[in-house]
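Student: I would like to go through the side-chain contacts and the surface of this model. Please give cut-offs as the terms come up.

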Amino acid sequence: DDWTEFSPSARVTWFAGDDLMIYLGYSSGFKSGGFNNSTTNTDSYDPETVDSYTAGMKSTWLDGGLRMNAEVFFNDYTEKQLATIGLIDGNLEQFVDNVGEVESSGAELELTWLPGVSGLMFGLNVGYLDVDVKKFESAEGDLSDTTAIGFSPEWTVQGRVSYEFDLADMGSLMLGADVSYRTESYTNSPIDLTSPSLDAQTQDEHAIYNALAAWRSSNGQWRVAVEGKNLEDTRVITNTFDLTVFQTAGYNMPRTWAVSVGYEF
């Protein structure tokens, strides 16, 4: 998405010593309008505008061993642009239109901890998101009460740990693992909450686990890594198309393994 920011825009920052920064921000922006370029619909759509409000902090604790950043936000969208896909004369075609007003709010927390053991690091990211359709214009009237925005899980969590240690003259080895967790969310947008295919367009709550082992030579030129993704082979729907008479869906990647070799000149 191409966003252009315009005035008014403001940011206030307060430094409480060297280890704490607190900020407040406001900005307005818009995404340009355009024309549909399908063979059956060449209608234009208006720009989308947003007013964004943020408040947050960036801080370090434990003599630099712990970094904690946090932010809360609120976005107010007007003339929200949404793309829908339909089956026209046997072909899938996408249409963009202005549908109304959407509000999104949430919070984000980022933690990085160096516990004092050389090479050991823990990380945690937590996100909360609430998306509310305030107005959804259609030929049937305002459908905001029965419309939701997809790809917007209420909670997301990412955790990671890594440990890098020397192998004397043989270089160094880094071992790492991470997990990504998402609550239930819709896999199409906008989504009709009264649709009989609602369950077929829903991504289940799930967690994905990954792991990595990477060796680097003592001169830093060679790197060999073995990586495993989606170790539990968890399969979830990532996107869907609702074509009324049937639905199509795409899934995430299954368990995969990879070996990479790199050399830096």
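**Side-chain contacts and surface**

Tutor: Glu 264 is partly exposed, with a relative accessible area of 47%. Buried here means under 20% relative accessible area, exposed over 50%, and partly exposed in between (1.4 Å probe, protein chains only). This is a predicted model, in which local features need pLDDT of at least 70, side-chain atom pairs count only at pLDDT 80 or more, and totals for chains, interfaces and linings use all residues. Residues are numbered from 1 along each chain as its sequence is written, and side-chain values use heavy atoms, with hydrogens and water left out.

Student: With which residue does Glu 264 form a salt bridge?

Tutor: A salt bridge is a side-chain nitrogen of Lys or Arg within 4 Å of a carboxyl oxygen of Asp or Glu. For Glu 264 the closest N and O atoms of the pair are 3.9 Å apart, and the partner is Arg 216.

Student: How many residues apart are Glu 264 and Arg 216?

Tutor: Glu 264 is in the segment after E22, and Arg 216 is in strand E18 (residues 206-216). Strands (E, at least two residues) and helices (H or I, at least four) are DSSP runs, numbered from the N terminus. The pair links distant parts of the chain, and the separation is 48 residues.

Student: Is Arg 216 buried, partly exposed or exposed?

Tutor: The relative accessible area of Arg 216 is 28%. That value makes Arg 216 partly exposed.

Student: How far apart are the closest N and O atoms of Lys 80 and Glu 48?

Tutor: Lys 80 sits in the loop between strand E6 (66-78) and strand E7 (81-88), while Glu 48 is in strand E5 (residues 48-61), 32 residues apart. Lys 80 counts as buried at 14% relative accessibility, and Glu 48 is buried at 0%. The two form a salt bridge, with an N to O distance of 3.3 Å.

Student: Over the face of which residue does Lys 80 lie?

Tutor: A charge sits over a ring if NZ of Lys or CZ of Arg is within 6 Å of the ring centre and within 35 degrees of the ring normal. Arg 11 lies over the face of Tyr 23, at 4.3 Å from the ring centre. For Lys 80 the distance is 4.1 Å, and the ring is that of Tyr 77.

Student: What separates the C-alpha atoms of Ser 32 and Glu 48?

Tutor: Ser 32 is in the loop between strand E2 (20-31) and strand E3 (34-35), and is partly exposed at 42% relative accessible area. Along the chain Ser 32 and Glu 48 are 16 residues apart. Their C-alpha atoms are separated by 6.6 Å.

Student: How many salt bridges does the structure hold?

Tutor: One of them is between the side chains of Arg 67 and Glu 110, at 3.6 Å from N to O. Arg 67 lies in strand E6 and Glu 110 in strand E9 (residues 100-113), so this pair ties together parts 43 residues apart in sequence. The total for the structure is 7.

Student: How many aromatic pairs does a search of the whole structure find?

Tutor: Rings of Phe, Tyr and Trp (its six-membered ring) pair if their centres lie within 6.5 Å; planes under 30 degrees apart count as stacked, over 60 as edge-to-face and the rest as tilted. The search of the whole structure gives 7.

Student: Is the pair of Trp 113 and Phe 122 stacked or edge-to-face?

Tutor: The ring centres are 5.4 Å apart, with 25° between the planes. Trp 113 is partly exposed at 38%, as is Phe 122 at 32%. The geometry of the pair is stacked.

Student: Is the pair of Tyr 263 and Phe 265 stacked or edge-to-face?

Tutor: Here the centres are 5.1 Å apart and the planes are at 90°. Tyr 263 is partly exposed at 36%, whereas Phe 265 is exposed at 91%. The pair is edge-to-face.

Student: Which strand gives the largest share of the nonpolar patch?

Tutor: The patch on the surface includes Tyr 263, Phe 265 and Val 259. Strand E19 (222-229) and strand E22 (256-263) each supply at least two of its residues. The largest share is 4 residues, and it comes from E22.

Note on methods:
Patch = residues over 30% accessible without salt bridge, like charges linked within 9 Å, V, L, I, M, F, W, Y side chains within 5 Å. Areas by Shrake-Rupley, 256 points an atom, 1.4 Å probe, with all protein chains shown as cover.
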